[in-house]
Each structure stands twice: as C-alpha cells, then as structure tokens.
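Here is a short report on one protein model. Keep the sequence and the 3D view open as you read.

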Amino acid sequence: MRVIDAHTHIFPDKIARKATVATADYFDLPEPPNHYGSVQELLDVLHEAGIGHAMVFSAATTAAQVEHINRYILQEAEAHPEFIPCGTLHAEYENFEEELAWMRAHGIYGIKLHPEFQHFVLDDRRLFPMFEEMAAHDMFLISHMGDPRVRVSGPERMLPIARTFPKLRCIATHLGNWGEWVPELIRPLAALPNVYADISSSFSYAPGDRRLFDCMGAYDPTHLFFGSDYPIWCPKKELEKALALGLPTGLLERVLFDNFAAFYHYRVIE
C-alpha cells in the first residue's frame with residue numbers, strides 16, 4: 001500500500017534534539033518523543049515503515065529565520081527524493097513577495113505556520129497580503145491547529161482566512177483543533193471547499209475516541225491526509241494506528257496516499 005506522510009518536521013543535526021524536546025515539553029506529551037528530528041533518522045524510519053514520501057517543514061520562530069529555513073528545506077529535498085518540501089513565513093517578514101517567488105522557482109509551493117511557537121495569531125492581518133500572494137499563485141497553507149490554553153490557532157482562526165481567500169488551499173492539521181476535538185467546533189471550517197485536514201497527533205492522544213471519527217466525518221473524504229507529526233510521533237507506529245482504525249479500504253487508500261497525491265499536483269508522486 002502506498003503512503004505519503006504529509007506532516008513531518010526536520011532540523012539540522014546540531015539543534016534537532018533541543019527543538020524536539022522543547023516541543024514535547026510545551027505540549028506536555030503523554031509519552032517522550034519517539035524520535036529527535038534529524039534527516040537521516042526520518043529517512044531510516046520511512047524506509048522501515050514502507051512510506052514512500054514525506055512532506056518536510058520547520059516553522060520560523062523569527063522573521064530572520066525564514067530564508068535560512070527555506071533554503072535548508074530545499075537542500076534536503078533536493079538531496080532526498082523521498083522529501084516533499086514545504087516552506088515557512090513569519091508575520092514580521094517583509095520580503096514575502098520575493099521569497100514566495102523564490103520558493104515557486106525552486107519547487108516549494110506550501111507554507112507551514114505554527115502560531116504558538118511563532119508568537120502571532122493565525123489570522124494576524126499582517127499575514128493577509130502573504131495569503132493573497134499565495135492564493136494568486138496556487139500555493140497552499142498548512143498550519144498547526146488548536147491549543148485550548150492560548151487559542152492563537154484553531155477553527156476560529158482559520159475560518160476568516162479560508163473565507164477571505166477561497167482560492168487558498170488550507171490544511172488544518174490535527175483534524176482541525178488539537179486538544180479540543182469537538183465536532184461542532186470543527187464543522188464550519190470543514191465545510192469549506194478549500195479546507196483540508198491531516199490526522200496527525202489526534203488518534204495518538206485519544207485512541208478510539210468517537211469524537212475523532214466524527215471530526216473526520218466532517219471533512220470531504222477526499223480532503224483527509226495521513227500525517228505522523230514526526231519526530232514527536234513515529235511514522236511507523238502512526239501508520240499502524242491508521243491501519244487499525246477500521247476505515248473502509250477505499251477511504252483508507254485515499255487518506256494514506258491518493259488524496260495528498262492529488263492535492264500536491266506540482267510534481268508527480270508515485
């Protein structure tokens with residue numbers, strides 16, 4: 001069975017462990033991180049799990065990091081055909097038109113944001129010109145979604161973006177609202193035709209929770225992607241959890257591969 005992992009983080013070796021541990025501490029994980037975010041470690045676990053491709057990214061916590069991170073992601077994607085590159089921006093980054101053009105010229109068509117670590121709200125108006133430029137060039141947004149402690153992301157933060165820019169394809173991670181998987185909160189966002197979701201860091205926290213299946217059901221079944229949230233979670237273990245969900249075979253194949261392969265139409269994914 002073909003598989004794409006649509007949600008993985010990578011870091012340079014010298015900071016990988018520190019970055020991963022900081023993330024785990026922030027979210028008060030129910031278990032220690034499964035991995036530590038190095039490129040070789042991800043390649044090894046993808047091979048072991050039989051996962052053919054992974055979208056890789058890292059969010060810029062300051063505007064000064066944007067270009068460095070984007071070039072790092074490109075470098076690793078060019079070196080490893082298993083990787084699908086996804087860039088980043090920051091609300092305080094001013095040179096976004098040129099940087100987005102550079103990304104497109106180098107085959108990067110997605111932007112990852114993580115408002116909790118970047119210290120702005122997802123619907124910060126400073127980001128709207130960036131979103132407008134992305135929508136004009138068929139680039140997509142993927143954002144961490146949800147943290148009931150701070151509420152800087154989540155459905156209420158993505159809704160104004162998806163509604164204002166109906167041509168901007170938006171991926172709501174963690175089924176749209178990490179830590180608060182309430183179908184009624186997610187449905188207004190999930191009903192929008194330009195909104196997609198991944199299942200990362202959801203069933204790991206609440207395995208077998210009926211609400212998670214209800215949240216999945218709120219989305220168009222062609223708009224759901226498999227994601228592991230490596231290195232916090234292990235792609236092999238997360239794939240095993242996905243296979244154990246009891247999804248109909250057709251839906252399972254779409255979630256594991258077909259949906260993202262169709263979504264990411266900038267290069268052939270086989």
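What covers the buried residues of H3? The cover includes H2, strand E2 (53-57), strand E3 (83-85), strand E4 (87-88) and helix H4 (96-105).

## About the model

This is a predicted model: local features need pLDDT of at least 70, side-chain atom pairs count only at pLDDT 80 or more, and totals for chains, interfaces and linings use all residues. Residues are numbered from 1 along each chain as its sequence is written, and side-chain values use heavy atoms, with hydrogens and water left out.

Helices (H or I, at least four residues) and strands (E, at least two) are DSSP runs, numbered from the N terminus.

## Helix H3 and its cover

Helix H3 covers residues 66-79. Its 14 residues should span 20 Å at 1.5 Å a residue, and its end C-alpha atoms are 20 Å apart, which agrees. The expected span is 1.5 Å times one less than the number of residues.

The buried residues of H3 are Val66, Ile69, Asn70, Tyr72, Ile73, Leu74, Glu76 and Ala77. Buried means under 20% relative accessible area, exposed means over 50%, and partly exposed lies in between (1.4 Å probe, protein chains only).

Strand E2 holds Ala54. Ala54 is buried, because its relative accessible area is 0%. Set aside its neighbours within four places in sequence, and Ala54 is in contact with Asp5, Thr8, Leu46, Glu82, Phe83 and Ile84. Contact means heavy atoms within 4.5 Å. The C-alpha atoms of Ala54 and Met103 are separated by 18 Å, and the two residues are 49 residues apart along the chain.

## Where H2 meets H10

Helix H2 (residues 39-49) and helix H10 (residues 235-243) have axes that come within 8 Å. They cross at roughly 35 degrees. Axes are lines fitted to C-alpha atoms, for helices over the stretch in contact, and angles run from 0 to 180 degrees between N-to-C directions.

From H2 come Leu42, Val45, Leu46, Glu48 and Ala49, which meet Pro235, Lys236 and Leu239 in H10. The contact has 6 nonpolar, no polar and 2 charged residues. Here Ala, Val, Leu, Ile, Met, Phe, Trp, Tyr, Cys and Pro count as nonpolar, Asp, Glu, Lys and Arg as charged, and the others, Gly among them, as polar.

## Salt bridges

Side chains of opposite charge can pair when their charged atoms come close. A salt bridge is a side-chain nitrogen of Lys or Arg within 4 Å of a carboxyl oxygen of Asp or Glu. By this rule the count is 13 salt bridges.

One of them joins Asp123 and Arg157, at 3.0 Å from N to O. This pair links distant parts of the chain, 34 residues apart. Asp123 sits in the loop between helix H5 (115-118) and helix H6 (128-136), and Arg157 in helix H7 (residues 155-164). Asp123 counts as buried at 17% relative accessibility, whereas Arg157 is partly exposed at 23%.

Glu184 and Arg187 also pair, at 3.5 Å from N to O. Both lie in helix H8 (residues 183-190), 3 residues apart, about one turn of the helix. Glu184 is exposed, with 53% relative accessible area. Elsewhere, Glu92, Asp124 and Arg126 are linked in a network of salt bridges.

Glu133 lies in helix H6.
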